[in-house]
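Here is a short report on one structure. Keep the sequence and the 3D view at hand as you read.

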Amino acid sequence: MLKIEKVSKTYTAGGRTLTVLDNISFQVGEGETVSIVGPSGSGKTTLLGLSAGLDRSSAGTIELNGVPLGALDEDARAVLRNQYVGFIFQNFQLLPTLTALENVMVPLELRGESGVRVRSRELLEQVGLGDRLHHYPAQLSGGEQQRVSLARAFANRPRILFADEPTGNLDAETSELVAGMIFDLNRQAGTTLVLVTHNLELAASTGRIIKLGKGHIVSDEKS
Amino acid sequence: MAWRDSRRDQSRLLLFIAAIVLGIAALVSTLSFGRNLREDVDDQARELLGADLVIRSNRPLSKAVEKLADSLPNKHSEECSFASMVYFVRNGQSRLVQVRAIEGDYPYYGALETTPAAAATGFREKQEALVDKTLLLQYGAHPGDSIRIGELNFAIAGSLDKAPGRNEISMTVAPPVYIPLRYMEPAGVLKKGSRLDYQYYYKYLQGDPEQFAEQIGPRLEAVGLHYETVAMRKNRMTNAFHDLTEFMTLISFIALLLGAVGVASSVNIYIREKVNDIAILRCLGLKARQAFLVYLVQVLVIGLLGSLAGAGLGLVLQQLLPVVFKDILPMETRFRVAWPAFFEGIAVGVTVSLLFALLPLLSVRKISPLLTLRVSLEPVHGRDPLRWLVYTVILCFITWFSYLRMENGRKAVVFTAGLVLTFLVLTGVARLFLLLIRRAFPERWPYLWRQGFANLFRPNNQTVILIVTIGLGTTFIGTLFFVQQFLIDRVTAGVGGGEGNMVLFDIQPDQVKGIEGLAGQYHLPVKQEIPIVTMRIVEVRGERGDSVLGQVAEGGPGRRGADGPAGGRHADSNAVGRWVFENELRVTYRDSLAGAEKLVAGQLGAPVRGPNDPIMISLADDFARRWNIRLGDPVVFDVQGIRIATVVGSLRKVEWQRLQLSFFVVFPSGVLERAPQFDVMLTKVRTPEESARFQRAVVEKFPNVSVIDLQLVLSVLDEVLGKIGDVIRFMAGFCILTGLIVLITSVLISKYQRIRESVLLRTLGATRRQVRIILLLEYFFLGALAAATGILLALVFAKALARWSFEASLRIHWVAAGEIFVAITGLTMLIGLYNSRGVLNRPPLEVLRREE
């Protein structure tokens, strides 16, 4: 599903070159659940972004669902994301001007699909927000916002889900609830899951843990 | 602290203040221009009048008056002006012009500016004419060519570029042609009924002309003469320019206030973004008052910088104003920096920006250190009595500033109330529009449309303020446009349809048959023939004209200050107005109402069959009301030496705005048929070529008959309204531009938010094209709402003006309204998109990481 080969990422700032990822390689099979862990600044989020086609690597190749991302321009990568990828962010990243229901509908509407309202409503009911369909993000709690984000991530029936610290901004109880939902929905849909987290307990719930340190893979083992 | 706190945001703070720069620039330029104008009037008043004293009359001066005016040693000139046809010999075209037959060396101050320069004096010695430069251009004539006036040919000595006291507009309405006075009689254009205006120009060689005019003035007025001195001209022009510059200054002030509202809105967003910083500082021991002062100092500094920039720009702008006003001003204006205006602009700018920014700044005092521990979504300001104090101070400041400009407390209060009301109505309409569209927005519409619209509601949006600022500019321009169109419609109404579009006047009774025959040769219908008799009113309700005018001469009560049939009310509300006795009236006779007339009181007089029948005349109702003449009043007329006693039998409502012949007084038939009279004939031509051919034939056979082609009148009206409109549009443009600057500020302030949204959408799979369409739709909705709000209000204002000022209904020009809508919406979209161009180019990951 995801093939990373000899990928490096460097940034230039103030005349200095900073290597964030250095010669990383690994593969994630279909339906597999993987956590990427590591200390702050180890390159976790950068790796997740490159894997999802949100940025270009400085070296190496990335294949998503068999499609090499390096050959695609930004618009083609956007279309690919819309077809195969779901996202969950630490800061929820909901569009503040849209209601919960409308936020979930966005990925489907961008595809020009019909019947999106019914499916989005079902997803929100599945995450326990059937009574908050028409609320705006500002009117929802953090946990509720993350659940909307979860429903949105699964709206386009993604082949792979990227989650960046999905419980990082939530209290313990809500974290547990949201994590449970991620894994439940993932199982039901048979989606591949790549999760970036500091939370080792959450990481342990995935089938495999890749540990990063200073831009390198320190370990890659089954949990 | 203020400096350190603002370090990261200085460019943003400067951006906020950009909204007031234009308002201050407009204010400084108009204030400074106004001062320059006043000084120019003081310097050039003598050149504008061209003499020390001018006496005006519609008949030649009597020997007694001549003697009176000559009682001090002087040089003088005589001018007689009248409307007449001029025929361009080279191309055979003709046109109605204002012939000014002159004798003497007028102007004594200033000059007739001509090309060649020698023509200004040379034409007086020979059978030559000076012709208005635009007229020469329009008819392709040149100095050396010939024109015919009546039966005489005149060589064109030169083109008249400028005449004392006359502006472009007056020259457009009545293009002048100067000829020597001694050729007026031989030209044979003057017949019975011809309307002549005499002007006598005096330059006094000894004594004080002002003092002299003061002495002889009452005696001139007593015999129905008007006079003007340099001081009177200075006064009149100062008042007129005061009105003009007052109007410009107030529009500039409105632009400044719009900008200030934009500043308040931006500062509000700035403070909301600073809440956390302020809460942290409060935790570290900063007092509420100190926190407030930190931001107050920032606003003061940027207010001062913005005002300085605005004032500097104002001086540049001031150099443009003489170009904008060139058609209205009858004189040269010289650029000088008026430093008091410069500093006044800066002071007003700083005060306004500070006052408006205080509204959001006050909330800084209420920011609790507790916010560092618990983020609150509630607005930081709750009830704060100081806010009401600030509102009051703002209102007082606006009233005070407008009072300084208008020098009239009532007007200043009305202006402030009107302004507040307009703001409230615009805000209300903007909010209502948003609410209605949000409620009624079709859920089934494509996602991109819904997202574009939803963007108007993003956090910290400035949608309402943008609609208000752009909307107000649109309201100004729209109202002007609709009223201008309305006036043209009113005139066109009289020209179109089955009525005539060409008027021939000054037809002598023995020429009627000939003219009818000529019209027949050209297959033109005679639509109407109207007889006209000139007469004076000598007595109303037993009150004699000579005694009324005598009272004025002796400083009697209540008859001064009204100078025309539409002039102001006079002081004594029961007395008959003086104007009635002073002026010659043109009267017709008929037994029925004309097309656009309506009987509002009494009954139209029956034909008079015998000497004992009462003569029941009909008056125009506004004429009767204005001069206190009532139904049933006895009125005595002097018809060329014969007294005729009549009674006011009816009042008619007359639509003066229509291009048709209307009369203050209508006699019944059977009275005036034998009186000396002339005719006016109405015919209808089908093409401009036919019009030109017929006019040429009339001028050749009947040189005294004048022809008005109403199509030409329409085009002149259009041109004049266009020239005045340009000035108003120029000033209204400041409001629109301020709105657009607020838009640019708003787009730049929310740029990060827009980038974030764009990145998020692209992360979820939106292509750049889709994101671009969403942005475009957002600006479309914004521009469309502002334009629709502005046009809607403009229609309301224009309808009200049509209803209350012209007592008619407004026909809405939907195509024109559509054009304004498209222009404003397009401009908003263009500016919005241009300023958002960086939004699409940011890599998603960079932005998403910054969120963490």
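## A partly exposed proline

B:P634 counts as partly exposed, because 13 C-beta neighbours lie inside 10 Å. To be buried, a residue would need 20 or more, and with 12 or fewer it would be exposed. Keep in mind that this is a predicted model.

Where does B:P634 sit? Its place is in strand β17 of chain B, which covers residues 634–639. Leave aside the neighbours within four places in sequence, and B:P634 is in contact with B:R541, B:A645 and B:V647.

## A buried threonine

Now turn to B:T114. Is B:T114 buried or exposed? B:T114 counts as buried, because it has 24 C-beta neighbours inside 10 Å. The cut-off for buried is 20 or more.

B:T114 belongs to strand β4 of chain B, residues 113–115. Which residues does B:T114 touch, leaving aside those within four places in sequence? The contacts are B:A119, B:A120, B:L130, B:G158, B:S159, B:L160 and B:D161. B:D132 lies 18 residues from B:T114 along the chain, and their C-alpha atoms are separated by 9.2 Å.

## A sheet in chain A

Next, look at chain A. Six of its strands form an open sheet. Their order is β6-β7-β8-β3-β9-β10, and the pairing is mixed. The edge strands are β6 (85–88) and β10 (216–222), each of which pairs on one side only. From one strand to the next, the twist averages 15°.

Follow one pair in detail. Strand β9 of chain A, residues 208–213, runs antiparallel to β10(A). How many bridges join β9 to β10(A)? There are six bridges. Take A:I210: its bridge partner in β10(A) is A:D220.

Helix α5 of chain A (residues 142–155) lies across β6 and β7 (160–164). Helix α5 runs at about 170° to β6(A).

## Where the chains touch

Finally, see how chains A and B meet. Chain B gives 24 residues to the contact, and chain A gives 24 residues. Four helices of chain B each supply at least two residues of its side: α15 (447–454), α23 (751–763), α24 (768–805) and α26 (844–850).

What classes of residue make up the side of chain B that touches chain A? Twelve are nonpolar, five are polar and seven are charged.

Notes. Residues are numbered from 1 along each chain as its sequence is written. Chains are lettered from A and ligands numbered from 1 in the order in which they are written. This is a predicted model: local features need pLDDT of at least 70, side-chain atom pairs count only at pLDDT 80 or more; totals for chains, interfaces and linings use all residues. Two strands pair if DSSP finds at least two bridges between them. Axes are lines fitted to C-alpha atoms, for helices over the stretch in contact, and angles run from 0 to 180 degrees between N-to-C directions. Two residues are in contact if their C-beta atoms, placed from the backbone, lie within 7 Å. Ala, Val, Leu, Ile, Met, Phe, Trp, Tyr, Cys and Pro count as nonpolar, Asp, Glu, Lys and Arg as charged, and the others, Gly among them, as polar.
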